[in-house]
Amino acid sequence: MSKNNDRRDFLLKLGTGAGVVALCAQGAASLRSLVPNVTYDAPTTVKLGAPKDFPDGLKFLPDERLFVFREGNTFHAISAVCTHLGCTVRAEALANPQTADVGGASMRLSHRFLCPCHGSEYKGDGSNVAGPAPKPLAWFRLSLSPDDGQLVVDLADEVGHDFRLTLG
Ligand code: FES
């Protein structure tokens with residue numbers, strides 16, 4: 001075989017090799033596209049900041065669609081997601097805050113919640129009282145992060161109205 005033929009043969013093999021590699025890469029990409037781009041173990045816990053950054057009363061966290069309430073050293077969190085069709089409810093301060101029994105302990109209720117979409121209303125403890133909302137706003141578990149002491153909410157852990165996080 002001549003030198004020229006060797007060279008042509010080599011280039012042909014090189015080209016074929018590159019083609020095979022490209023096809024494999026494309027095949028892998030196509031296969032990957034068949035796998036949904038979601039993870040089923042996405043974290044549901046979110047750090048919310050240091051407790052000292054939460055004023056007494058209510059703080060709305062738009063990213064988490066969450067209201068965090070503080071009464072002294074005691075915290076609880078109520079979802080801002082309307083239980084009708086999922087609009088974000090807004091909090092309206094009560095002219096006369098009340099103290100009520102919530103989950104077996106007294107709690108200061110300073111707000112009510114109104115849904116702008118179809119007019120549902122909720123009391124300060126999240127109970128639905130008017131409109132199409134079929135159930136109360138969810139309460140979520142709060143805890144303290146062991147690493148940096150931030151408040152943490154678990155948006156997959158719904159708790160009862162007796163839940164309180166009290167810091168020592
Ligand atoms: S989504 Fe809130 S009342 Fe319909």
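Buried means under 20% relative accessible area, exposed means over 50%, and partly exposed lies in between, with a 1.4 Å probe and protein chains only. Keep that scale at hand for the tour. The model is predicted, so local features need pLDDT of at least 70 and side-chain atom pairs count only at pLDDT 80 or more, while totals for chains, interfaces and linings use all residues. Residues are numbered from 1 along each chain as its sequence is written, and side-chain values use heavy atoms, with hydrogens and water left out.

**Stop 1: the cysteines**

Select Cys115. Cys115 counts as buried, at 7% relative accessibility. Now select Cys82, also buried, at 4%. Move on to Cys117, which is partly exposed with a relative accessible area of 37%.

Which cysteine is joined to Cys117 by a disulfide? Select Cys87: the S to S distance is 1.9 Å. A disulfide here is a pair of cysteine sulfur atoms within 2.5 Å. The count by this rule is one disulfide. Turn the view to the S-S bond: the angle about it is -95°, and the link of Cys87 and Cys117 is left-handed. Cys87 sits in the loop between strand E4 (74–79) and strand E5 (90–102), and Cys117 in the loop between strand E6 (105–114) and strand E7 (121–122), so the pair ties together parts that are 30 residues apart in sequence. Strands (E, at least two residues) and helices (H or I, at least four) are DSSP runs numbered from the N terminus.

**Stop 2: Ser120**

Stay in the loop between E6 and E7 and select Ser120. Is Ser120 buried or exposed? Ser120 counts as buried, at 1% relative accessibility. Its side chain reaches the backbone nitrogen of Ala133 at 2.9 Å. That is a polar contact: a pair of N or O atoms within 3.5 Å, where within protein one must be able to donate a hydrogen and the other to accept it, and residues adjacent in sequence count only if both atoms are side-chain atoms. Show the surroundings too. Leaving out residues up to four places away in sequence, Ser120 touches several residues, including Cys82, Phe113, Cys115 and Pro132. Contact means heavy atoms within 4.5 Å.

**Stop 3**

Select residues 57–61 and 66–71. These are strands E2 and E3, paired in the antiparallel sense over five bridges. Two strands pair if DSSP finds at least two bridges between them. Find Lys59, which stands opposite Val68 in E3. The hairpin has four residues between the strands. Arg65 is in that loop. Arg65 has a positive phi of about 50° although it is not a glycine. Arg65 is partly exposed, at 28% relative accessible area.

**Stop 4**

Select residues 139–144, strand E9, which pairs with E10 in the antiparallel sense over six bridges. Leu142 stands opposite Val153 in E10. In this hairpin, with six residues between the strands, Gly149 takes a positive phi near 75°.

Finish on Asp154, in strand E10 (residues 151–159). The bridge partner of Thr45 in E10 is Asp154. Asp154 is buried yet has no salt bridge. A salt bridge is a side-chain nitrogen of Lys or Arg within 4 Å of a carboxyl oxygen of Asp or Glu. Where is the nearest side chain of opposite charge? It belongs to Arg141, 6.3 Å away. Lys and Arg count as positive and Asp and Glu as negative; His and the chain ends are not counted. A polar atom of the Asp154 side chain lies 2.9 Å from the backbone nitrogen of Ala156.
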